[in-house]
Amino acid sequence: MKKLIVWAEMTLKRLTRRKGFLLLLAALPLIGLFTAYWEQHHTQGVEIGLLQNQDPVARAAIDRLLASDGLFEFRLYEDEATLRSAVETRILEAGFVFSPDLSGQLQARQVRDLVRLLRSPSTVTDGMAAEVVFSQLIHAASPDILRDIVVESGLFPGTEGEVYARIWARYQDYDRSGGTYRFDYEYLDGSAPAASGIPLFPTKGLISVFVMLTAWISVLSWYRDEEDGIYGAFAVAGSRAAGFLSVFLPVVVMTLAGFLLCLTRYPASEAFRELAYLLFYGTAAALFLFGAKRLFPNPVAFGALMPVALLGSLVASPVILDMTRLVPGLEILEKLFLPSYYLALSSGKSWGGFGLILIALTGGILLALPPAARRNGSAGRTSSL
């Protein structure tokens, strides 16, 4: 035990001399500072797109939305292709397309397909935006709806105009007091959040990739240490424990750096929750990669997989964009990459937690292989070098 404690201290000291690790470690807070600066000086709120429409009700709703203040900033687009492209590339969080015959559909009591939603793959604000759009649509359509109700009811023969005027005047009085339909934002900390010009900055995805790369690079360092005979002072079990510490401790340090980044992006309670998830994820990743190295006697083969894992994580995992919403069948490929499980766990998907448990168990089983398998692997690696 004393040897392992001393080894842990030495491992932490060695980290301060690893330029690659220090570069990764410094990158996280620097990215956080840059993002905060950008949001402060180049942002104007969560942007939502609207498609130009000549229908009178749709045009009235669009005018109200463009003039409204609040969490969302609405932008007008002249053609649907440009609007769709802006949503898909996350320039916009979402886009709304009103039916060209919105007034006719309302008069005919056709309430389906009045508005189409174009949703960014990774947005979480489309529901709130839809409520705001719906509220303004109700405001714009209410005069026509009320007129149809009064005229078609048959209850006011010959006096429909007078009755409509009285009801409409009362409706407007009630509406001005906020009693008809209103969508309010309540900020729990008492202040409005800062505008986000980089919608949904991929904080969690970025941290998950950095933690994975830290584990991978640490395992590659283990190959060199093993070749140099650093673990020769330990028995077999102690050698495994010391080797795992050399991988796990850098992951913990990187996780703490990620936690500091989370504190700049989320409330403290959510940041601490992410710290627990990250430690779980980092432990599983370290166990799995440290165990998987035994399948690769040559460190070159193990290292060659790192860029594949990085590229696959950026494409198949929802690190930046959730491409599974755009590419059918990508869900299967998504589960081949470690960041997917942490991001799923963080978003409340149970398969993320179960997946991390299985990943950790797989690594533990590989580590528990008989000592003979380890000696054969080490011999193969030595001969290859």
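The model is predicted: local features require pLDDT of at least 70 and side-chain atom pairs count only at pLDDT 80 or more, whereas totals for chains, interfaces and linings use all residues. Residues are numbered from 1 along each chain as its sequence is written, and side-chain values use heavy atoms, with hydrogens and water left out.

The protein chain contains 15 helices and four strands; helices (H or I, at least four residues) and strands (E, at least two) are DSSP runs numbered from the N terminus. Of its 385 residues, 43% are buried, where buried means under 20% relative accessible area, exposed over 50%, and partly exposed in between (1.4 Å probe, protein chains only). The accessible surface of the protein chain comes to about 20200 Å², and 64% of this surface belongs to carbon and sulfur atoms; the areas come from the Shrake-Rupley method with a 1.4 Å probe, and for residues only the protein chains shown count as cover. Among contacts with a separation of 6 or more, 75% join residues 24 or more positions apart, a contact being heavy atoms within 4.5 Å.

After helix 8 comes G229, with a positive phi near 80 degrees.

The partner considered here is helix 11 (residues 299-316), whose axis comes within 10 Å of that of helix 8 and crosses it at roughly 175 degrees. Axes are lines fitted to C-alpha atoms, for helices over the stretch in contact, and angles run from 0 to 180 degrees between N-to-C directions. The two helices are therefore roughly antiparallel, the term for angles over 145 degrees. Helix 8 contributes V209, M212, L213, W216, I217, V219, L220 and Y223, which meet P299, F302, G303, L305, M306, A309, L310, S313 and L314 of helix 11. These residues divide into 15 nonpolar, two polar and no charged; Ala, Val, Leu, Ile, Met, Phe, Trp, Tyr, Cys and Pro count as nonpolar, Asp, Glu, Lys and Arg as charged, and the others, Gly among them, as polar.

G303, in helix 11, is in contact with W216 and L220 when neighbours within four places in sequence are left aside. V219, in helix 8, counts as buried at 0% relative accessibility. Beyond residues up to four places away in sequence, V219 touches V247, L289, F290, K293 and F302; its C-alpha atom is 6.1 Å from that of F290, 71 residues apart along the chain.

W351, found in helix 14 (residues 350-367), is partly exposed, with a relative accessible area of 25%.

Definitions and conventions: Parallel < 35°, antiparallel > 145°, perpendicular 65-115°, else oblique.
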